[in-house]
Amino acid sequence: MADSTRTATLTIDGKSFALPIYSPTAGPDVVDITKLYAQAGVFTHDPGFTSTSSCESAITFIDGDKGELLHRGYPIDQLAEKSHYLEVCYLLLYGELPTAAELEHFETTITRHTMIHEQMHNFFRGFRRDAHPMATMVGVVGAMSAFYHDSTDITDERQREIASHRLIAKMPTIAAMAYKYSIGQPFVYPRNDLDYASNFLRMCFAVPAEEYVVDPVLSRAMDRIFTLHADHEQNASTSTVRLASSSGANPFACIAAGIACLWGPAHGGANQACLEMLKEIGTVDRIPEYIARAKDKNDPFRLMGFGHRVYKNFDPRAKVMKQSADEVLDLLGVENNPLLQVAKELERIALQDDYFAEKKLFPNVDFYSGIILEAMGFPTSMFTPIFAVSRTVGWISQWKEQLADPAMKIGRPRQLYMGATLRDYVEIEDR
Ligand code: CMC
C-alpha cells in the first residue's frame, strides 16, 4: 500500500477535512477520499472516472502526455521489438521477465491447455450462423464456468492460476471457432508444435482439405498485435472485469463481462468501426467531406481510430503498429488496395488539420490494427475478437492482482440523485 506523507484539505461549509495524498511510483498524486462520506457526509462526482483512481496496481502505466506505455516498467515498443506475446503474458501475470526455463515451462503449460472441452462444440452450434463472433465469445467464455469447475474457486491460489492459464490458452481457439462457425467451415483443432500466433492463424485460415503453411511475417505481425493489446491500465473492459470480480464472481464470468464491454465502438469495437468507416468513405476524394463532418459539432460522426482518453500524444502502440502495417502490406503486395489508400490519406490529412492538432487527436492503435487485419484476410467482424484474445492476459493479470489485494471490497459507486423525491403511489384510475 502506498504511504501517505501529505494531506489535502477540503473545506465544506467552513468545516475542514484532511484527506491523505499518496505519491505513486509514476503518475500524478492521488487524493484518498474513501473516508470522505463517513467524515463529511458528501460523495464525489466523477462520471466516466476521468479523475478517479479505482485501485492500486503495479501492472501497466501510461503517460498520456509523453505517449508512453509501460508493462511492469518495460516500454511497449521494446517489448514489441524484442519480446513476444507469451513472454509478455508471463511478465504481466508474474511481474518479472521469465528466465529461459521459466518461459519454456510457461509456454508448455499454455500450449497444453489450448483445446476446449469437446462438448463445448455443441455450444457453438446453438448460435445462428450469422452471429457476430463477439456475441459467440461472450456466451462461450461465460459457459466455461460450466465446464471447468475445478478452477472456479477463487479462494484457492492454484485454481486461480489454472483458470488464468486456461483463459490465455483457450481464447484463440474460441475466437477461431467463432469465426469458422460464422463462415460455415469445420473447426480446426489447435496444433501444439506451433507458436501462439501461428496456431491462431492456422485455426482461422486452414481447412482440412489442404495443408496451410503460416508465413513468418504474418505470424510476427499477429504476435505484435497480440503484444500491443495485452494490457492498458484501468480501461473500460478491465474495470468491468474488476467490478464483476469484486462480487466474488468466477474468473470465466468476469472475463465474459470484459468481452461484452470491449465490444463497444468507443473501446475494442473501434477497429471494426474504423474499417467500416474507411469503406464508407470509399475513395480519397471523399475524405474532406468526412473530416468536415468529424469537426461539425452538430454531427455525431467521429473519425474512428482517432483520439484516446489517456493519450494526448501519439499512441506508442500506434507507432509500432504503423511499422507492422507497412511490413505486412509490403509482403502481401496490397499497397494499391483502395481502402488502404483511403486510410493513409486520411491519416495524412487529419495529422495536418488544426482541429485534430488542438484537441490532440492522433491515430490510435485501432486505426492501424484494422488495416493489418484486413490485409491478412480477416473480416471486420473478427477485429474485436482478436483484441479480446490479446487483452485476456491483461484482464486476468488485473483480476489476479485484485484478488490478492487486502483492500479489495465490492465495487459500489454512489450517485448524484436528481429524480423524484418520496411520493405516494397513485391508483391507475386516478392517473
Ligand atoms: N473524431 C472527432 N472528434 C473527436 C474524436 C474523433 N475521433 N475524438 C474526440 N473528439 C473530440 C470531441 O468531439 C471533443 O470535442 P469538444 O471538446 O469540442 O467537445 C474532444 O475531442 C474530446 O473528446 P471526448 O469525447 O471528451 O474524449 P474522451 O476521452 O471522452 O473520448 C474516445 C475518447 C476514444 C472515446 C474518443 O476519442 C473517440 O470516440 N474516438 C473514436 C473511437 C476510437 O477510436 N476508440 C478507440 C480508442 S483506443 C482503443 C482502446 O483503448 O479501447
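Predicted model: local features only at pLDDT ≥ 70, side-chain atom pairs only at ≥ 80, totals over all residues.

The dialogue below treats cavities, a pocket, the ligand and annotated positions in turn.

Q: How is a cavity defined, and how many of 30 Å³ or more does the structure hold?

A: On a 1 Å grid over the protein atoms alone, a cavity is a set of points where a 1.4 Å probe fits but cannot get out, and its lining residues have an atom within 4 Å of a point. Grid points are joined across faces, edges and corners, and a volume is the space filled by probe spheres set on the points. Three cavities of 30 Å³ or more are present here.

Q: Which elements supply the lining of the largest cavity?

A: Helices are DSSP runs (H or I, at least four residues), numbered from the N terminus. At least two lining residues come from each of α14 (316–332), α15 (338–352) and α17 (365–376). Among the residues of this lining are Lys 322, Leu 340 and Phe 367.

Q: How are the two cavity linings divided by class?

A: Ala, Val, Leu, Ile, Met, Phe, Trp, Tyr, Cys and Pro count as nonpolar, Asp, Glu, Lys and Arg as charged, and the others, Gly among them, as polar. The lining of the largest cavity has seven nonpolar, no polar and four charged residues. For the second largest cavity, the division is seven nonpolar, two polar and one charged; its lining includes Met 115, His 121 and Phe 187.

Q: What is a pocket, and what volume does the second largest pocket have?

A: A pocket is an open set of grid points with protein on both sides within 12 Å along at least five of seven lines. The second largest pocket has about 200 Å³ of volume. Its lining comprises 18 residues, and those closest to its centre are Leu 86, Thr 111, Leu 194, Asp 195 and Tyr 196. Helix α8 contributes the most to this lining, with five residues.

Q: Which residues are closest to the ligand?

A: A residue is near a molecule if one of its heavy atoms lies within 4 Å of it. Of the 18 residues around the ligand, the closest are His 267, Lys 297, Leu 303, Arg 309 and Lys 359.

Q: Which residues does UniProt list for "active site"?

A: UniProt positions are given in the numbering used here, feature names are shortened, and annotations may be inferred rather than shown by experiment. The unreviewed UniProt entry lists His 308 and Asp 366 under "active site". They are spread over 59 residues of sequence but cluster in space, with a largest C-alpha distance of 10.6 Å. His 308 lies in the loop between α13 (287–295) and α14.

Technical notes:
Residues numbered from 1 in each chain as written. Heavy atoms only, no water.
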